[in-house]
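Subject: A structure for you to explore

Hello,

I am passing on a structure that I hope you will enjoy looking through. Please open it beside this email and follow along as you read.

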Amino acid sequence: MSQVRVRFAPSPTGFFHIGSARTALFNWLYARHTNGVFVLRVEDTDQARNSEEFLNVIYDSLTWLGMTWDEGPKVGGHFGPYRQSERAHIYKEYLQKLIDAGRAYEKDGAIWFKLPGERSEVYDDHRQKTVTKVANTPAVIDDKIRGRVERLEDEDFVIFRSDGNPVFHFVNVVDDIAMKITHVIRGEDHLSNTSKHVELFKAFGVEPPVFAHIPLILKQNGPGKMSKRDQGALIEEYQKRGYLPEALVNFLALLGWSPKDDREKMPLADIIALFDFPGINQSNARFDDKKLAHMNMVYLLELPADLFVVKARVQLERQQATPALEADLGYFREVMLLSQPKIKGLEELAAYTVYFFTEEYPMDEKVRTKVLSKGDPKTRLAELAEVLATADFSNDTLIEEAIKALAARTGLGFGDYQSVARLAVSGTNVGPSLTSLFRVLGRERVLARIARFQATV
RNA sequence: GUCCCCAUCGUCUAGCCCGGUUAGGACACUACCCUUUCACGGUAAGAACCGGGGUUCGAAUCCCCGUGGGGACGCCA
């Protein structure tokens, strides 16, 4: 059995979206599962719509997600070049084969592929024009996911535009032949194109590769497949928001594939070991950002401390959270680790930790009103300030004991002191435990903030 | 309109191939527990076999027809 060779063939005509990433991932996983080769091929034959910027987004996104390619731009390989815009001579060569075989002809300045069979003119109601139909026999697609699919290709189609550039169907097949691709794993939207491709393979006298048409990702709300314009569709966006690539990969793998047991979060090595065609579903999957966010949280929770701090810093830099970035590194680390078990995503960190790094933190007015309306917050604060003035701040337990002792004296609970104290020193009602908050902020700042708050009530 | 693909909780899915399950898990939602706020976590609840025929002692599972969803029908990829 020869080595599996799969390819991901994006065209740089827009930002890299989640459906493309999933297609890339399935190819990559299959290559890794079979110890095969993952080829990256850039389909940039439509010069009007291509751009270097989009190409770099594809490279960046694939790299970010950990899908390294074995052959392709930047890394090379025996079947290059890997950008179709640089393969014109190869396409000319293959075109000549078709011409020599009488399977291509010119019309209206373009070159058309000639299907075998009798021709007749028919009026097409839907397209409202007369077309030439060919009495061809149906192409048979032996699909690894769909099973046997038959589809009739009964109209000649353009393979070279009148501007001299080859079109997708032609270059796709030629490159799959030239690059010795063994398995074509792509979205189901290509299933109807595949009959064209099978006809081309036949015309070249080459056995088609194994096809596997994977289900599509549907948009979260509303009808239709996910497109670049949909909310949450762009990979770049997740990168910017500080999503963990491992989490996104895990989530994406589960959209249309399943290990067939109840596992969801699983190490990449396990996914690679189990990934195969029988595990791929036939039906389309709807994108669910809540499930992705949950997966991200699970990965975040398990991140080793050092790594979490590094990633937190990168994210805060991205969000330009200046005071946090200027803080002492040891202090920064402590604040971040206090927050790690509390947040769902790195993007929350800037707002979640803002009061640790500046005195200009926002005051949540709703919470303020609510807290001040209950009990006797002014007295509680005064009592607390007095105790904190002499309490030992060296660890959480000692601070806790001091507050509990105070509560015991006044016949109240820890909670009676907590809400108002938290509000005074952080401006909010959410955050790490109050004692950690005090310890990390330090006595001086805690007392100063309490005093400042007292002056406003 | 024509052709192609698909169909289990709101969503992702297991079960289907090889008929017999209290149809399982996860996300989301709800309640309770934990608790020093907020989260995490724990427990519980609700929630599905698209419809109709057929085959069979028995159908989520096999077959057919409807219906619904998706895709393709470019000198885009």
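Let us begin with N35, which is found in the loop between α1 (18-33) and β2 (37-40). Helices (H or I, at least four residues) and strands (E, at least two) are DSSP runs, numbered from the N terminus. Before going further, please note that this is a predicted model, in which local features need pLDDT of at least 70 and side-chain atom pairs count only at pLDDT 80 or more, while totals for chains, interfaces and linings use all residues. Residues are numbered from 1 along each chain as its sequence is written, chains are lettered from A and ligands numbered from 1 in the order in which they are written, and side-chain values use heavy atoms, with hydrogens and water left out.

N35 is not a glycine, yet it has a positive phi of about 55 degrees. N35 is exposed, because its relative accessible area is 63%; buried means under 20% relative accessible area, exposed over 50%, and partly exposed in between (1.4 Å probe, protein chains only). K180 is not a glycine either, and its phi is positive at about 55 degrees. You will find K180 in the loop between α4 and β10, where its relative accessibility of 52% makes it count as exposed.

A sheet of three strands

Next, look for the open sheet whose three strands come in the order β3-β4-β9, with antiparallel pairing. Two strands pair if DSSP finds at least two bridges between them. Why do β3 (104-107) and β9 (157-160) each have one side without a neighbour in the sheet? Both stand at the edges with a single partner strand each, so one side of each is left open in this way. From one strand to the next, the twist averages 45 degrees. Axes are lines fitted to C-alpha atoms, for helices over the stretch in contact, and angles run from 0 to 180 degrees between N-to-C directions.

Helix α3 (residues 88-100) packs on the sheet and touches β3, β4 and β9; contact means heavy atoms within 4.5 Å. The direction of α3 makes about 135 degrees with that of β9. Within the sheet, β3 and β4 (residues 110-113) run antiparallel and are joined by four bridges. K107 has A110 of β4 as its bridge partner.

A parallel pair

Strand β10 (residues 183-187) is mostly covered, with five of its five residues buried. β10 runs parallel to strand β11 (residues 210-214), and five bridges join them. The bridge partner of R186 in β11 is H213.

R119 has its place in strand β5 (residues 119-124) and counts as partly exposed, because its relative accessibility is 33%. Leaving aside neighbours within four places in sequence, R119 is in contact with K114, T132, K133, V134 and D156. The side chains of R119 and D156 are joined by a polar contact of 2.6 Å, that is, a pair of N or O atoms within 3.5 Å; within protein, one must be able to donate a hydrogen and the other to accept it, and residues adjacent in sequence count only if both atoms are side-chain atoms.

G232 lies in the loop between β12 (217-218) and α6 (235-240). Is G232 buried or exposed? With a relative accessible area of 7%, G232 is buried. G232 and I18 are 214 residues apart in sequence and 8.2 Å apart in space, C-alpha to C-alpha. Not counting residues up to four places away in sequence, G232 touches I18, M226, E237, Y238 and F287.

Around the RNA

RNA strand B is surrounded by 63 residues, and the closest are R49, K260, E264, K342 and G431. A residue is near a molecule or strand if one of its heavy atoms lies within 4 Å of it. Sugar and phosphate make up 67% of the atoms of RNA strand B that come within 4 Å of the protein. Which helix gives the most to the surface near RNA strand B? That is α9, with five residues.

- An N or O atom in the side chain of N193 is 3.2 Å from a base nitrogen of RNA strand B.
- An N or O atom in the side chain of H294 is 3.3 Å from a phosphate oxygen of the RNA strand B.
- An N or O atom in the side chain of E400 is 2.9 Å from a base oxygen of RNA strand B.

Enjoy exploring!
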